[in-house]
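Reader: Please show me the chain. I have some questions about how it is put together.

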Amino acid sequence: MEKVKNILKPKPNPQQLLRDWQRRLRQECRNIERQIRDIQREEKIVQKSIKEAAKRNDMGSAKSLAMELVRSKRTVNRLYENKAQLNSISMHLGESVAIARTVGHLSKSAEVMKLVNNLMKAPEVAVTMQEFNKEMTKAGVIEEIVNDAVDSALDSEDIEDEIEEEVDKVLTELAGETAAQLPEAVRKEKLKQPAQAVGDAEDVDDEEDLEELRARLAKVRS
C-alpha cells in the first residue's frame with residue numbers, strides 16, 4: 001500500500017525542491033551564526049581570565065587557556081567557511097532551477113557536488129549535509145557521495161606546534177605590559193611549564209574556575 005502511495009504521490013517540481021532546500025540552508029546558516037556568537041561570548045570571558053593569570057604570573061594557566069582560545073578562533077574561522085559554502089550551494093541551486101525551467105528537469109551540478117562533499121567532512125554540518133546528499137542524489141542534482149570521514153584535524157596532535165606559536169602572540173597581546181615586563185628567557189621558560197598544583201584553597205579554586213572555563217568553551221565549539 002505504501003508503495004502505491006509513493007507512486008501516486010506527485011513528485012515535487014524543481015521550484016518546490018529549491019524553496020525547501022534554500023529554506024533549510026538558511027536555517028543552517030542561522031544555526032552557525034548562533035554558534036559563532038556563543039563561542040565569541042565565551043572567548044571574552046577566557047580573554048579576561050588569561051589577563052588575570054598573566055598578572056599573577058601563572059603562565060601555565062595562561063598558556064592552557066590561550067591554547068583553548070586559539071582552538072576556538074580556528075573553529076570560528078571554519079564556521080564562517082561553512083556558512084560561505086552553504087550560501088554558495090544555495091546560489092548554484094538557483095542557477096540549476098533556472099536551467100530546469102528550460103530543459104524540464106534538474107541537471108547535475110559539479111560545483112554543488114564539490115561543496116556538499118566538502119561540507120560532509122565538517123563536524124558542525126556533517127549530519128545535515130548527509131541528508132542533502134541523499135535528497136539531491138535522488139533529485140539528480142549530484143551523484144551519490146560516499147564519505148564517512150569527518151575532518152577532526154582541528155583537534156589533532158599535528159597542529160600542536162602551530163598552536164604553540166600562536167600562544168605566545170595571544171599572551172603578548174592579551175597580557176600586555178605584564179608579559180612584556182618578564183625577561184624573554186624567563187617568559188618562554190614559564191610558557192613551557194604546565195600549571196602546577198598548589199596547596200592553598202584559593203589556588204585550587206582558581207584551577208577549578210579555569211577548568212570550568214575550558215569545559216564551557218569546548219562545549220560551545222562542539
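Reader: What percentage of the 222 residues in the chain is buried?

Author: This is a predicted model, in which local features need pLDDT of at least 70, side-chain atom pairs count only at pLDDT 80 or more, and totals for chains, interfaces and linings use all residues. Residues are numbered from 1 along each chain as its sequence is written, and side-chain values use heavy atoms, with hydrogens and water left out. Buried means under 20% relative accessible area, exposed over 50%, and partly exposed in between (1.4 Å probe, protein chains only). Of the 222 residues, the buried share is 39%.

Reader: How many helices and strands does the secondary structure of the chain come to?

Author: Helices (H or I, at least four residues) and strands (E, at least two) are DSSP runs, numbered from the N terminus. Along the sequence the pattern reads α-α-α-α-α-α-α-α-α. The count is nine helices and zero strands.

Reader: Which feature does UniProt place at residues 18–49?

Author: In the model this span is 100% helix and 0% strand, and its end C-alpha atoms lie 47 Å apart. UniProt positions are given in the numbering used here, feature names are shortened, and annotations may be inferred rather than shown by experiment. The entry is unreviewed, and the feature it gives is "coiled-coil region".

Reader: Which residues of helix α4 are buried?

Author: Helix α4 covers residues 110–119, and its buried residues are Val112, Leu115, Val116 and Leu119. Seen down the axis of α4, these fall within an arc of 100° and so line one face of the helix; the arc is that of the directions from the helix axis to the C-beta atoms. The face turned away from the buried side carries the exposed Ala110 and Lys114. The buried set, again, is Val112, Leu115, Val116 and Leu119.

Reader: How many residues apart in sequence are the parts that Glu131 and Arg24 tie together?

Author: Glu131 and Arg24 form a salt bridge, with the closest N and O atoms 3.9 Å apart; the term means a side-chain nitrogen of Lys or Arg within 4 Å of a carboxyl oxygen of Asp or Glu. Glu131 is partly exposed at 40% relative accessible area, while Arg24 counts as buried at 18%. Because Glu131 lies in helix α5 (residues 126–139) and Arg24 in helix α2 (residues 14–55), the separation in sequence is 107 residues.

Reader: What separates Asp38 and Arg41 in helix α2?

Author: Their side chains meet in a salt bridge at 2.6 Å, N to O. Asp38 is partly exposed at 25%, and so is Arg41 at 48%. Being three residues apart, they are separated by about one helical turn.
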